[in-house]
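Trainee: I have not looked at this structure before. Can we go through it one question at a time?

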Amino acid sequence: MSFKHLIDPKYSKNDYFPIDLSVNNPFWDNNDVSDITVFEEYLKNQRDKTGKYVAHGGYLEQRALYRKSIRFQAGIVRDVHMGIDLWAPAGTSVHAFMDGTVHSFANNDDQGNYGPTLILEHDYNGKKLYTLYGHLAIGDMNKWSVGSRFRESEKIATLGKPEENGGYSPHLHFQIMTDMGKYKGDFPGVAAQVELQHYESIILDPNTLIF
Ligand SMILES: [Zn+2]
């Protein structure tokens with residue numbers, strides 16, 4: 001499969017580089033990854049160091065990010081990230097993974113959540129696939145309607161600002177599911193270790209399908 005442009009196609013595959021937000025990266029022992037200023041400084045340093053621009057990563061990554069968040073620490077600890085994140089500025093265009101229709105959308109607007117979220121439904125070799133795009137701009141939402149069609153690579157949205165995207169440095173959260181269950185406009189993107197076996201059976205590794 002060839003490289004998929006999920007964000008602005010002006011970025012080529014060669015502009016992408018992986019970053020490590022996991023608990024195994026000692027940098028996060030002494031730096032607060034949930035502080036946008038700290039995170040963006042880190043991002044800038046990594047961009048300068050690699051000479052590349054679009055940071056990405058996170059599939060099944062156990063993240064330091066969720067250590068301080070009440071949202072993810074209440075009850076059972078959820079800290080395993082199940083999608084892939086692509087960091088680029090607010091306003092960057094977001095594009096459909098493949099031909100599909102709008103399954104559902106919502107503004108999950110509580111702190112730490114996805115903000116505006118779009119879910120597309122696809123037919124993949126006779127089976128259903130669902131792609132989730134999170135942390136989008138509120139202004140995109142009036143362009144979506146359930147059942148409307150998008151072609152592969154068509155622009156579907158733009159990246160939101162921190163004040164609308166759940167409070168994060170602008171990035172796309174992208175996740176591929178084979179089963180939506182009862183979810184509409186939302187789907188868990190972070191899981192507890194004990195839930196992983198369940199989710200790994202319905203969430204695909206996006207890396208093999210994008211890069
Ligand atoms: Zn994410």
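Trainee: In which strand is Q175 found?

Mentor: This is a predicted model, and its strands are numbered from the N terminus. Q175 is found in strand β12.

Trainee: Is Q175 buried or exposed?

Mentor: A residue counts as buried when its relative accessible area is under 20%. Q175 has 0% relative accessibility, so Q175 is buried.

Trainee: Which side chain makes a polar contact with the side chain of Q175?

Mentor: The side chain of Q175 also reaches a backbone atom, the oxygen of P188, at 2.9 Å. P188 is among the residues that Q175 touches, as are F187 and G189. The contact between side chains has a distance of 2.8 Å, and the partner of Q175 in it is H173.

Trainee: Which protein residues are donors of the zinc ion?

Mentor: The donor atoms lie 2.1 to 2.8 Å from the zinc ion. Along the chain, the donors follow the spacing H-x3-D-x87-H.

Trainee: What is the geometry of the zinc ion's site?

Mentor: Four donors count as tetrahedral if all angles lie between 85 and 135 degrees. The angles among the 4 donor atoms here are 52 to 149°. The site is classed as irregular.

Trainee: Are H81 and D85 buried or exposed?

Mentor: The cut-off for buried is under 20% relative accessible area. H81 has 2% relative accessibility, so H81 falls below that cut-off. D85 has a relative accessible area of 1% and is likewise buried.

Trainee: Which residue is the bridge partner of E61 in β4?

Mentor: Strand β4 covers residues 80-81 and is joined to β3 by 2 bridges, the two running antiparallel. Both belong to an open sheet of 3 strands with the order β3-β4-β13. β3 (61-62) and β13 (190-191) have a single partner strand each, so they stand at the edges. The bridge partner of E61 in β4 is H81.

How values were computed
Residues are numbered from 1 along each chain as its sequence is written. This is a predicted model: local features need pLDDT of at least 70, side-chain atom pairs count only at pLDDT 80 or more; totals for chains, interfaces and linings use all residues. Side-chain values use heavy atoms; hydrogens and water are left out. Two strands pair if DSSP finds at least two bridges between them. Helices (H or I, at least four residues) and strands (E, at least two) are DSSP runs, numbered from the N terminus. Donors are N, O and S atoms within 2.8 Å of the metal (3.2 Å for Na, K and Ca); water is not among the atoms, so sites may look incomplete. Four donors count as tetrahedral if all angles lie between 85 and 135 degrees; four count as square planar and six as octahedral if opposite donors are over 155 degrees apart and all others between 65 and 115; anything else is irregular. Buried means under 20% relative accessible area, exposed over 50%, partly exposed in between (1.4 Å probe, protein chains only). A polar contact is a pair of N or O atoms within 3.5 Å; within protein, one must be able to donate a hydrogen and the other to accept it, and residues adjacent in sequence count only if both atoms are side-chain atoms. Contact means heavy atoms within 4.5 Å. Lists of a residue's contacts leave out its neighbours within four places in sequence.
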